[in-house]
2 protein chains.
Amino acid sequence: MRYELYYWPMIQGRGEFVRLALEDAGADYVDVARRAGGMDKMVKLMASPRLDPPPFAPPFLRAGELVVAQTANILLFLGARLGLAPKNEAGRLWVHQLQLTIADWLLEVHDVHHPIGAGLYYEQQKREARRRAADFRDARLPKFLDYFESVLESDTALHYAHLSLFQMVEGLRYAFPRAMKRLEPEYPRLVQLHDRVSRRPRLRKYLASKRRLPFNRQGIFRHYPELDG
Amino acid sequence: MRYELYYWPMIQGRGEFVRLALEDAGADYVDVARRAGGMDKMVKLMASPRLDPPPFAPPFLRAGELVVAQTANILLFLGARLGLAPKNEAGRLWVHQLQLTIADWLLEVHDVHHPIGAGLYYEQQKREARRRAADFRDARLPKFLDYFESVLESDTALHYAHLSLFQMVEGLRYAFPRAMKRLEPEYPRLVQLHDRVSRRPRLRKYLASKRRLPFNRQGIFRHYPELDG
């Protein structure tokens, strides 16, 4: 099965959570919009009657006739097929629940720099972003870190939500280097998980390749020093 | 199977999306935290080693030994059991995808009155809320309404995401009566779906009962006239 991933080609964004699973499993996939002419192909497909009704937004994945959207839903679908999820229903629901909590966390990371509207520029909401960033650093970031640190006490067999947690640590280190430097010593299990994931042979290759886009100020994780406290 | 639903007893909130499915299906369930002493029971259960690791937040559902959290995940689990989801995998993923898009929409409704931080009072972020509300009414609300109106062109057999869309229309009418009065004529399929769901025999009884909490200013949908344009 050759999978087709459709996502904006200039950022890691939500697509990266899917890429990490595909790359870790050594799956056969095409990152459609990053090929020449691929962005046009994605936009045309979203407007075509072949996808009727279309997904609300990228990322979406084509697997033969099936089109699946919403990052956590794509991972729910892929997890079983790629050997990155438990085989029993209770385990699958648990990992999906973690992934949905990561999705909530990720959206809060985004809204730090876009508290007023996703359609406005950061520069149009800088003042509000400063206030939201303070609340994020002081309340929300430790709350999510506490939660996942406690989850890692008992959750050991690797699954796709762990790959996503690696990405959260990577992104947070990029966006909030000062806050993370201060907080990380309290979260040894998360740091250890991050290191363990980064050493997985296929991922280590992927992370060193050109397929791994750099973080930047168009993505979800953005480094604005004034938001880092 | 007697289900146990755990959710904050003073608001409809996210729990309501689960209640609507349970009520529509005539399922045997207990709304634990709304019983005498139930709130203590919920808080104790979340801290107990029986739930280790616990969910990040309510709502969560107990079904025998299984505990499932995250609203969309609970509905994914219940949908198949209550006859409120397609039987094939493609259909189940599609309905879950819709539910996740509704979850995104619901969070944006919440963040209209809490753009800076969920832990702060509305009164501490009124100025920012006004700006966010303008963006929500002008850009985000029509975008989501457009999307679900187009989905309803082809999506006809009733499933749990339709019950959630009913709740979105109800909540938006309560929170943004002026904006909805202006917008609704453009969305006849959504209005028709709302009416169709509200007439389902079990739901009609439920909606008229004391089990249906009223909307209020502690919930996700809140009516502040200054945010309604």
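Two strands count as paired if DSSP finds at least two bridges between them, and in this predicted model B:F60 stands opposite B:A69 in strand 4 of chain B. Helices (H or I, at least four residues) and strands (E, at least two) are DSSP runs, numbered from the N terminus. Residues are numbered from 1 along each chain as its sequence is written, while chains are lettered from A and ligands numbered from 1 in the order in which they are written. Because the model is predicted, local features need pLDDT of at least 70 and side-chain atom pairs count only at pLDDT 80 or more, whereas totals for chains, interfaces and linings use all residues; side-chain values use heavy atoms, with hydrogens and water left out.

**Relation of the two chains**

- The open sheet of chain B has 4 strands in the order 2-1-3-4, with mixed pairing.
- Strand 2 (29–31) and strand 4 (66–69) of chain B stand at the edges with a single partner strand each, so one side of each is left without a neighbour in the sheet.
- From one strand to the next, the twist averages 20 degrees, angles running from 0 to 180 degrees between N-to-C directions and axes being lines fitted to C-alpha atoms, for helices over the stretch in contact.
- Strand 3 (residues 60–63) and strand 4 of chain B run antiparallel and are joined by 4 bridges, with B:R62 standing opposite B:V67 in strand 4 of chain B.
- The hairpin of these two strands of chain B has 2 residues between them, and B:G64 takes a positive phi near 65 degrees there.
- Helix 3 (residues 71–82) of chain B lies across strand 1 (3–6), strand 3 and strand 4 of chain B, and runs at about 125 degrees to strand 4 of chain B.

**The sheet of chain A**

- In chain A, 4 strands form an open sheet in the order 2-1-3-4 with mixed pairing, and its edge strands, strand 2 (29–31) and strand 4 (66–69), each pair on one side only.
- Strand 1 (residues 3–6) and strand 2 of chain A run parallel and are joined by 3 bridges, with A:Y3 standing opposite A:Y29 in strand 2 of chain A.

**Helix packing**

- In chain B, the axes of helix 5 (residues 126–154) and helix 6 (residues 160–175) come within 13 Å and cross at roughly 150 degrees.
- That makes helix 5 of chain B roughly antiparallel to helix 6 of chain B, given that angles under 35 degrees count as roughly parallel, over 145 as roughly antiparallel, 65 to 115 as roughly perpendicular and the rest as oblique.
- B:F136, B:L141, B:F148 and B:L152 of helix 5 of chain B make this contact with B:H162, B:L165 and B:L172 of helix 6 of chain B.
- In chain A, the axes of helix 1 (residues 15–24) and helix 6 (residues 160–175) come within 9 Å and cross at roughly 125 degrees, which makes helix 1 of chain A oblique to helix 6 of chain A.

Conventions
Contact = heavy atoms within 4.5 Å.
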